Amino acid sequence: MSRQISIFSPADVGAYPLRVVEFPRAPGSHVARGDVIVRLEGPRGALQLAAPFDATILKSQVLTGTTLETRTALLKLNVAKADIPSQPKAAAQPPRGEPEKPAAPTTAAEAPQSASTQTSHYVHPAFADLAGAVGGGSSGSSPRGEVPQPSGQERKRRRARTGFWLAGTAAVLAFVWWSLPETRRVISYGMWDRPFLLMRAAGADMRLLPTRVVSRLGNLAGFPSGLFADDSPGFAMADSGTAKLRCTGKRTYFFAGSLFTGGKESDTTTEDGLATVAFDFDRKNACMRFGKVLTYQDGSLHDDLGPQNCADYARSDDIVSMFTFMAFGNQFQDRTVLELGDMRLRYTEGEYNSEDQSNISQSTAWALTCVPAS
């Protein structure tokens with residue numbers, strides 16, 4: 001009859017971390033009592049663990065090179081049951097009235113009751129100086145069947161890892177929140193049930209994100225004003241007063257098609273786009289007019305501008321947002337955005353499908369470059 005026992009690393013938490021250097025004997029090898037079966041290395045130097053009995057190595061339970069942070073099972077041995085001393089019988093109780101005789105010292109731990117092959121964590125007294133190398137039933141080791149508790153150092157590492165992941169998750173969520181102002185605005189207006197508006201808002205946020213990131217990094221790095229995204233020469237976003245811009249560039253008209261066109265879409269871009277912007281810095285207000293430049297037969301140019309639309313504005317880094325956003329009925333207007341780095345102005349207005357309110361039926365978009373105007 002035989003019994004299986006596990007060889008554990010030391011129970012002393014001050015000995016960790018330990019690195020498994022070598023298993024001198026391979027699984028299947030027979031070892032004699034006292035033979036070195038594991039070599040470890042830690043802060044206190046090299047440590048060798050010896051076989052507590054004549055035994056056969058069944059298997060190694062960790063790999064060579066593994067770093068141990070807590071008490072860990074290293075090897076499993078198969079030991080002949082006859083090689084392990086049995087528990088001595090308890091001394092008989094003296095008759096009443098006679099002084100109690102001191103019990104004779106025991107030299108073996110309690111062995112399992114009966115089984116042909118059992119697994120236990122037995123420590124022979126002769127190898128108690130291995131500091132808990134063999135698990136179970138000895139001072140400083142975990143009770144049989146109980147999972148060893150992590151050391152204080154391991155608990156600190158776990159708390160640090162948890163804090164790191166929580167901080168990282170919070171940082172990612174904060175960045176997403178900061179990078180999607182237009183999407184937040186659509187949601188705050190209660191229009192999350194209109195996929196078309198959400199997609200347009202998210203697209204606008206993604207288009208402006210590189211500019212916002214570069215501008216914010218420049219500000220954090222302490223670069224002088226104007227190096228990354230300062231106001232254009234001749235134009236400045238002031239705290240008071242007024243300023244005007246004249247913007248020209250591309251105008252794109254989109255039509256989703258109809259029965260008259262056979263459902264064919266059309267997308268036309270011209271270079272006659274025009275807009276004017278008048279800022280009132282005291283009131284934090286901007287009035288805009290969008291249209292196109294007409295070319296008469298004699299070659300003269302004339303401004304063809306639509307009605308004036310005034311809205312509050314806010315500046316974030318090098319981006320000025322005019323809150324022209326609107327969605328009433330089938331009509332929609334995007335937020336007007338002025339990028340101070342290159343003085344680009346963007347704006348879109350139009351109509352979406354009245355049946356599902358998810359697709360554009362027609363729209364006009366302006367992508368203009370602005371210069372100061374008198």
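**Strands and disulfides in a predicted chain**

Trainee: What does strand S19 pair with, and in which sense?
Mentor: Strand S19 (residues 344-352) pairs with S20 in the antiparallel sense, over nine bridges. Strands (E, at least two residues) and helices (H or I, at least four) are DSSP runs numbered from the N terminus, and two strands pair if DSSP finds at least two bridges between them. This is a predicted model, where local features need pLDDT of at least 70, side-chain atom pairs count only at pLDDT 80 or more, and totals for chains, interfaces and linings use all residues. Residues are numbered from 1 along each chain as its sequence is written, and side-chain values use heavy atoms, leaving out hydrogens and water.

Trainee: Which residue in S20 is the bridge partner of Thr348?
Mentor: Ala365 is the partner of Thr348.

Trainee: How many bridges join S10 to S20?
Mentor: Twelve, between strand S10 (residues 242-255) and strand S20 (residues 360-373), which run antiparallel. One example is Lys250, whose bridge partner in S20 is Ala367.

Trainee: New topic. How many disulfides are there?
Mentor: A search of the whole structure finds two. A disulfide is counted when two cysteine sulfur atoms lie within 2.5 Å. One is formed by Cys247 and Cys370, with sulfur atoms 1.9 Å apart. That pair links distant parts of the chain, since Cys247 is in strand S10 and Cys370 in strand S20, 123 residues apart.

Trainee: Is the disulfide of Cys247 and Cys370 right-handed or left-handed?
Mentor: Right-handed, because the torsion about its S-S bond is about 105°.

Trainee: And is Cys247 buried or exposed?
Mentor: Cys247 counts as buried, because its relative accessibility is 0%. Buried means under 20% relative accessible area, exposed over 50%, and partly exposed in between (1.4 Å probe, protein chains only). Cys370, at 3%, is also buried.

Trainee: Which cysteine is joined to Cys287?
Mentor: Cys310, with an S to S distance of 1.9 Å. Cys287 sits in strand S12 (residues 285-295) and Cys310 in strand S14 (residues 309-316), 23 residues apart. The link of Cys287 and Cys310 is right-handed, with 105° about the S-S bond.

Trainee: What is the relative accessible area of Cys310?
Mentor: It is 38%, so Cys310 is partly exposed. Cys287 counts as buried at 17%.

Trainee: What pattern do the disulfides follow?
Mentor: The pattern is 1-4, 2-3, counting bonded cysteines along the chain.

Trainee: Last one. How many helices and strands in the chain?
Mentor: Three helices and 20 strands. Of its 374 residues, 36% count as buried.
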